[in-house]
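Here's a quick briefing on a single chain, for anyone about to set up calculations on it. Have a look at the structure first, then read on by topic.

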Amino acid sequence: MKLRPRAADALWVGVGAAILALFGLLVLLFGKPPGPNPQLEFKAQRVDLVGRMQLDLVSASEAEKSAVLAVTDSESQAFADQARASTANVERERRELVELSNDGGTQAEKDLLAEFSRRFVEFQHVDDELLGLAVENTNLKASTLAFGPAAAAIDEMSAALSRLVTANADSADAKKVMSLAFGAEIGALRIETLLPVHIAEARDSRMDEIEAVMIQEDEKVRGDLAGLRALPKLGADADLAVATSRYDQFREIERQILELSRKNTNVRSLSISLKQKRKVMLDCDEVLSQLQDSIRKEPIEGATYGGRRFEGR
């Protein structure tokens, strides 16, 4: 039977439509672009977490150093807060990584993460002690007193004693006045010059020695001032009264300086930063590097490694 032209055309159109429909169905079923490999995505997520932990550890360390070296309480506190915030980020990321590792990490990864957790606890303990000391700034406060009010009191004492010597230059006791006045001034200056040494000293035994010298000099100063008051015309002298008052003021400031210096928070925090903190920081970073490398080397099923295809177990 011979088909008419229009019937043949209709048949071909129908066949073509059927082929197109079949092709569309095949595309829908098998032509969907492949999504990311779940294993690869899982690996990338953990590698990224370890990298963020490393960055936050560095941020915490830098902020801690800034807190130690800051020159005001407000700056020290601000940097200490930054350091604690970065450390808190590391802890949050560590917990997230523990959960991921428990879901599908290798035993090597879990072991390294446990090792990091142990070292990170030590890191936190050192950090807490260090930052607590850094924000107190006792050595800095002691230096401010030494080079400020203490120095001013000694300057006023020296000026009063100089006026006293000048006013009595022609008296019968001129030489004695000069000797006692200069003795008191020199002794006070010796104590003043020992203050910065005491503030910078880290050893308690050495601070004991410095304070012993200060006590000896103080006895000499007080003896010379008492000798001046014992002279007939100087018992009620105004300049001598000023010199004695300023020295008493200096001694009170000195007491505050020594108390602050004994706490030694700046010296101690700097020592911890350069020694213990540096060590625990390097230890933590080393373990994180090993952990990241271990995760990166985990084989992925279906992936090729050096020309060999990993098909799983």
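L228 touches L161, L164, V177, L180, A181, L234 and L240, leaving out residues up to four places away in sequence. Keep in mind that this is a predicted model, so treat what follows as computed from that prediction. L228 is also one of the residues with the most contacts inside the largest nonpolar core, and that's a handy place to start.

**The nonpolar cores**

- The largest nonpolar core has 35 residues.
- M157, L161, L228 and I257 are the residues with the most contacts inside this core.
- The elements giving two or more residues to this core are α5, α6, α7 (204-230) and α8 (238-263).
- Which element gives the most to this core? That's α5, with 11 residues.
- Another core lies apart from this one and has 33 residues, including L100, F116, V280 and C284.

**N168, in a loop**

- N168 sits in the loop between α5 (138-167) and α6 (174-200).
- Is N168 buried or exposed? Its relative accessible area is 11%, and since buried means under 20%, N168 counts as buried.
- Setting aside neighbours within four places in sequence, N168 is in contact with A174, V177 and L234.

**A nonpolar patch on the surface**

- On the surface, L69, L270 and L274 form a nonpolar patch.
- Together these three leucines have about 310 Å² of accessible area.
- L274 belongs to helix α9, which covers residues 265-296.
- Why does L274 count as exposed? Its relative accessibility is 56%, and the cut-off for exposed is over 50%.

**The chain as a whole**

- The secondary structure comes to 9 helices and 2 strands.
- Of the 313 residues in the chain, 38% are buried.
- Take the contacts between residues at least 6 apart in sequence: 81% of them join residues at least 24 apart.
- The chain exposes about 18200 Å², and carbon and sulfur atoms supply 58% of that area.

Terms used: Residues are numbered from 1 along each chain as its sequence is written. This is a predicted model: local features need pLDDT of at least 70, side-chain atom pairs count only at pLDDT 80 or more; totals for chains, interfaces and linings use all residues. Side-chain values use heavy atoms; hydrogens and water are left out. Patches are made of residues with over 30% relative accessible area and no salt bridge: like charges are joined within 9 Å, nonpolar side chains (Val, Leu, Ile, Met, Phe, Trp, Tyr) within 5 Å. Accessible areas come from the Shrake-Rupley method with a 1.4 Å probe; for residues, only the protein chains shown count as cover. A salt bridge is a side-chain nitrogen of Lys or Arg within 4 Å of a carboxyl oxygen of Asp or Glu. Helices (H or I, at least four residues) and strands (E, at least two) are DSSP runs, numbered from the N terminus. Buried means under 20% relative accessible area, exposed over 50%, partly exposed in between (1.4 Å probe, protein chains only). Contact means heavy atoms within 4.5 Å. A nonpolar core is a set of buried Ala, Val, Leu, Ile, Met, Phe, Trp, Tyr and Cys residues joined through side-chain atoms within 4.5 Å.
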